[in-house]
Amino acid sequence: MPRLRETTQIDWLVITASSRAQAAGYRQNLRERASRGALASVRRWLVVPDPHDKRAGSGNATLVALARVLGARLAELRREHKRPASIEGILEGQRLLIIHSGGDSRRLTAYAACGKLFLPLDRRDPSGTPLSMFDLILRDLVSVHLRGTNPGSTLIASGDVLLNASAHTIDLKSPGITGVAFPAPVETARRHGVYVPDASGRVKMYLQKPDQEAMRREGALARDGRALVDSGIVVLDKPTVLRLVRSFGLTLDAGRERLRFQPPFTRIIEASSPPMDMYADVLVAAAGETSKMPMLAKALRSVPFNVRIIPSCDFLHVGTTAELLSLATSDRRLRDTSNIAPGPVVLATAGHSRITAGVNCWIDACSFQHAARFQGDNVAVGIETDRPLSMPQGWGVVILPLTRGGFVGIAFGKSDDFKTPIEQGGTLGGKPLIEQVRRVERMSITDRACSLYDAPLWPVAKTRKDALKSIEWMWSTDALPSSAWLRAPRLSVAEAVRTCDHASMIEHRRTLVSQHAAEAITHGTKPDGTSSVLQDLLPRDAARALAACSERAKKQKEPAAKASTLWIASDLARIVGRDPTPLRDRAMACVAEAVERSAAQAQRADRKSTRTEAILPNQASWASCPARVDLAGGWSDTPPICHDLGGTVVNAAVRVGGHAAVHAIVMRTERPGITVTSTDLGRTTSIRTTAELRLPFDPTRWASLACAAIALNTESDDPPRSINEVCRTMWDGPGGLHVTTYSTLPKGSGLGTSSILGATLLAALADASGRTMTVEHLFAQTLRLEQMLGTGGGWQDQAGGLTPGVKLLTTSPGFDQVPRVSTLSDRLFSDRNGPRMLLYFTGERRMARGILRGVVGRYLARDPRMLRALVALKSGANAMADAVKAGDNSEIAARLAEYWSLKRAADPGASLPSVESITHKLRDDLLAWELPGAGGGGYLFMIARDADAEHRIRLYLRKNPLNVESRFADVEIDVRGLAVRRT
């Protein structure tokens, strides 16, 4: 168990901050994530501000972070009654992740308070939870750390860059210090650290922001003109961590069980030590270069320093207002989809339907009660309006809540950096700030050497609306300060950030997230992600959206659209504490109506049955069909999915145990009446009234399938009034009807036997009546049969059994869902020395009906994961078809493995723990495996690597069966499909 924890969690996450105020905001954000389980990848977390709010540099911040972890870990060990004898004992087995995020975010004014690290994004995780830059950075670094380092290592990284380094396998287990670099053009290298390694990966030199000439002189440029740019990831092994903290004066007083600090560590804690940078100082010293800190050079003199090179790195940095605006158009890697049309990014905003925006606009945590017009290159965060708003191009506004009460509004231009001093060209709205000062002497800026970050320009107001009104004059070239601006006390950005009420800011945004979601559902502005925003809703907003959905459903006439609205309404009902079942039943009834239309249209499109002689008394029509194994594309054949998207499926007709799996016998008897027998169930019943042949049919009653099939086969404009009349519609003359069905496979096998049995019975009834139906007509009739029974389902089961071999089955969007059949092969894995097919009955039985309802419901709710899975399922089916036609066994196995993964994505409950366990033990002998069908029970279909692997699998499962019913069954591709004969 301890080993499992080591490989799934980081022991300590430490985030450094530039001040106590910034640290308080970080803690608030982390607590909120911890409360919803979003920090499951870390066991403990700490936020560590720079001492006394003075910039310490990332090197000193690293030492302070290490000291905090050592102190917290020592306290833990004391509570566990353990007494470590050294600092090494305290760190034993502990993985540390330190993320430096101590900047002021001056150039990203809209998020200066919460920090660039917690920048919200137009992106969600697979569960639908909104993400910030922090969530992506943490996931990336945790993956790199767990896969690439040894326990006891410390990974250090920057909190303002998303690397996506986890896309590569990086070995970071070398002794000493190990950095990570990637090749990049000179333009990028000039702004960052550059590694110069030897052939073995040992670092010869570390250059900090070198120009091109320095890179050429030191041999940092490769033949292609690129340099190895520092990604910011640095790993220290445990001995190096110990060496550093001891060198700076941190030891363990084992007798008193406490840490002891001596200079220069005490000076770092007291903020009297000069700033030390992790990269410009520590890594330069580690490379053996001349350092301004001799003690640091001495401490690292014999420490190995290596670099690992990854071929590429995203290096996504959102550090300025301009970079933030680029997310709306040019750079969409931090958004949910890559094909979204250019337009504003609108997050957590109430009244977002009232927004008119030009290009490159970012709007977050706002509330608009009237029309809001943004002319382009605008940023708006936290604003509220009670009147129309028009913001000129290039301006942004952020409104912050203050801990002492009230709000402060801050205006800025796209290019304002808040760093450059006023007298050296600092700007406001892209224009020199010195001109503003001259224009309005009452701005009271006496120190013109200060920057826009420190200038006390921003008035404190009672409400967000008032805060906005008080600064609107600033983006007019002629207007003088408003009276509200003149009267109000004013703060600098630095003061506003220090006194920001982070808890209030997070709660305000949470409220607006809910309102935004409710409006998206009410107005249908997020049709392909509705289910992802449901979790954003607070009960009050869910009730409002529920009422709107209920009204919309009343007006909808198209059944599939109405089904989707009703299912979404059912989810909303659940959120407000109501029973969702009635709404879900209505939604599925609409789906059934859509399928009935589909079946009726398919039947009208193909009535090519020919009339022959009906069977004679004591004669029988015998129909048989193989089972089917689905190989790719399942669920795409299911209404209403196939109605909207069309279906693409690859499956194989299979003989199990050398025989057709499903049989139906229709006999004309001399004795009047109708008798139904199920041989495999050992049941017989007589049909005594025509009422038993009318809707509704009970799908749980064993004879309902036969009753529905007889009703469908004998339907006419003048319904029969007696059982004898029913029989006479099948043949002219006397005689009764005896229907016998038989399946060699157990119920819930996963091989499509229920649907195939229905199709087989319809074929036998048609032949007994003297009609020969086309396969296409049988497809349509079986669809209708399943709707009469209320079992739902798609068309791939009956199409898979009625038609022989391995085939690709496709339909186009629309109600015409008679699949086109393209035969791919009459064999699979026929090479003696190649892979082998195995079929194993697990003894587990699960009916597909409930699973079907859940999957269809997720589609109706427009669950993004479901929608993505469906796209992949259809493309995977086409790829499987190509592999089968080419006879590429390894590709077939790969596609089957992918298909099983996608089936589990569509239905998380598709698998069984017992099967997962057994296949994991057999993984070395298996190329791929799946549980066929929708139900996830019944048979296990496996592809063994070769004959020897097949033998080992059979031997293991015979010795270790899943249960008393488990057994192997011989399986082969069926080359005949439906067979009908008379006896």
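Here is a short briefing on one helix and several salt bridges in this structure. Please keep in mind that the model is predicted.

**Helix 17**

- Helix 17 covers residues 502-523, and its 22 residues should span 32 Å at 1.5 Å a residue. The C-alpha atoms at its ends lie 31 Å apart, which agrees with that expectation.
- Where the helix starts, D501 brings a side-chain oxygen to within 3.3 Å of the backbone nitrogen of A503.
- Just past the other end, G524 adopts a positive phi of about 65°.

- R44 and E76 pair up in a salt bridge, with 2.4 Å between their closest N and O atoms. Because R44 sits in strand 2 (residues 42-49) and E76 in helix 3 (residues 57-79), the pair ties together parts that are 32 residues apart in sequence.
- R44 counts as buried because its relative accessibility is 13%, and E76 is buried too, at 14%.

**Other salt bridges**

- D253 and R260 join through their side chains in a salt bridge of 2.8 Å, N to O. D253 is buried at 13% relative accessibility, whereas R260 is partly exposed at 39%.
- R858 forms a salt bridge with D863, and their closest N and O atoms are 3.4 Å apart. R858 is buried at 16% relative accessibility, and D863 is buried at 7%.
- Elsewhere, R628, D630, D797, K903 and E930 belong to one network, joined by salt bridges that share partners.

Terms used: Residues numbered from 1 in each chain as written. Predicted model: local features only at pLDDT ≥ 70, side-chain atom pairs only at ≥ 80, totals over all residues. Heavy atoms only, no water. Helix = DSSP H or I, 4+ residues; strand = E, 2+ residues; numbered from the N terminus. Expected span 1.5 Å × (residues − 1). Polar contact = N/O pair within 3.5 Å; in protein donor to acceptor, adjacent residues only side chain to side chain. Salt bridge = Lys/Arg side-chain N within 4 Å of Asp/Glu carboxyl O. Buried < 20%, exposed > 50% of the residue type's maximum accessible area, 1.4 Å probe, protein only.
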